[in-house]
Amino acid sequence: MRTIVHLSDLHFGRVDAALLDPLVDAVAAACPDLVAVSGDLTQRARSVQFREARAFLDRLPTPQIVVPGNHDVPLYDVLRRFAAPLERFRQHISHDLAPFYRDDEMAVIGINTARSLTFKSGRINARQVSLVAQRFSGLPDSILRIVVTHHPFDLPGKGEEADIVGRSASAMRAFAECGVDLFLSGHLHQSHIGNTTERYAIAGHSALIVHAGTASSTRGRGESNAFNVIRAEHARIDVETWSWEPNSSEFVMQQTASYRKQGTGWFSAS
């Protein structure tokens, strides 16, 4: 079994500093095999914010899969937004916008969905979809296949359709063919677990879509700061939601959802 800590929407430049040390401690206590960070490391893509994000990441266990979000593209610096939108992300966080990790039990790829032409929404293109298929092609059936993006492939019940990653339907058809099991995303500042069958009618494919809330931002949108701990193996995925408890000044596990693989699909074990 593998353990993944899934953080999202850190938003350095607008963080609750009191959460950072407890968050680092909670992540370390989970003993992750991988830390996945699904975008929006900064609030306004400023160098100082990226430096703060880099210092935070350096305190977390490795290996790490980190992708940018729409807030990691400059908003008000128009020249940089279009000429070099992710220059600071590359400088301070990672040059690799399609990071990949594989071991004997899982293969994880991160995909950049942030774009200069949109202020909030994102999209995935054909080249990125082909890269995912290439990375996962030929892997043994026993290997879990996981995709990390900032923008989600599904929404909680009252989410806005514009928040779904652009070209999601065509991408999902390709991901079904290469057997993706799990999608990790953020953007919404809401913890949520869904299934691809709820939005995409693809015969023989049922994958989990897991959103993480904001781990450290003051912009909670009505939800406590939170992150996910995912414990997974070939035919089982458990998703733990850990939320901030101000009374005890620590992150506490609030709930666990368990799923089992049946044939080519994932279904609730409850």
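User: How many aromatic pairs does the structure hold?
Analyst: Eight aromatic pairs. Keep in mind that this is a predicted model.

User: Take F153 and F175. How do their rings sit?
Analyst: Edge-to-face, because the planes are at 70 degrees and the cut-off for that class is over 60. The ring centres are 6.0 Å apart.

User: Where do F153 and F175 lie?
Analyst: F153 is in the loop between β6 (144-148) and α6 (168-177). F175 is in helix α6. So the pair ties together parts 22 residues apart in sequence.

User: Is F175 buried or exposed?
Analyst: F175 is buried, at 0% relative accessible area. F153 also counts as buried, with 1% relative accessibility.

User: What about F153 and F183?
Analyst: Those rings have centres 5.0 Å apart. Their planes are at 45 degrees, so the pair is tilted. F183 lies in strand β7 (residues 182-185) and F153 in the loop between β6 and α6, so this pair ties together parts 30 residues apart in sequence. F183 is buried too, with a relative accessible area of 1%.

User: Which residues do ring pairs link into a cluster?
Analyst: F227, W242, W244 and F251.

User: Switching to cysteines. How many disulfides?
Analyst: The count is zero, where a disulfide needs two cysteine sulfur atoms within 2.5 Å.

User: And C31, buried or exposed?
Analyst: C31 is exposed, with a relative accessible area of 58%.

Conventions
Residues numbered from 1 in each chain as written. Predicted model: local features only at pLDDT ≥ 70, side-chain atom pairs only at ≥ 80, totals over all residues. Heavy atoms only, no water. Buried < 20%, exposed > 50% of the residue type's maximum accessible area, 1.4 Å probe, protein only. Phe/Tyr/Trp six-rings, centres within 6.5 Å; stacked < 30°, edge-to-face > 60°. Helix = DSSP H or I, 4+ residues; strand = E, 2+ residues; numbered from the N terminus.
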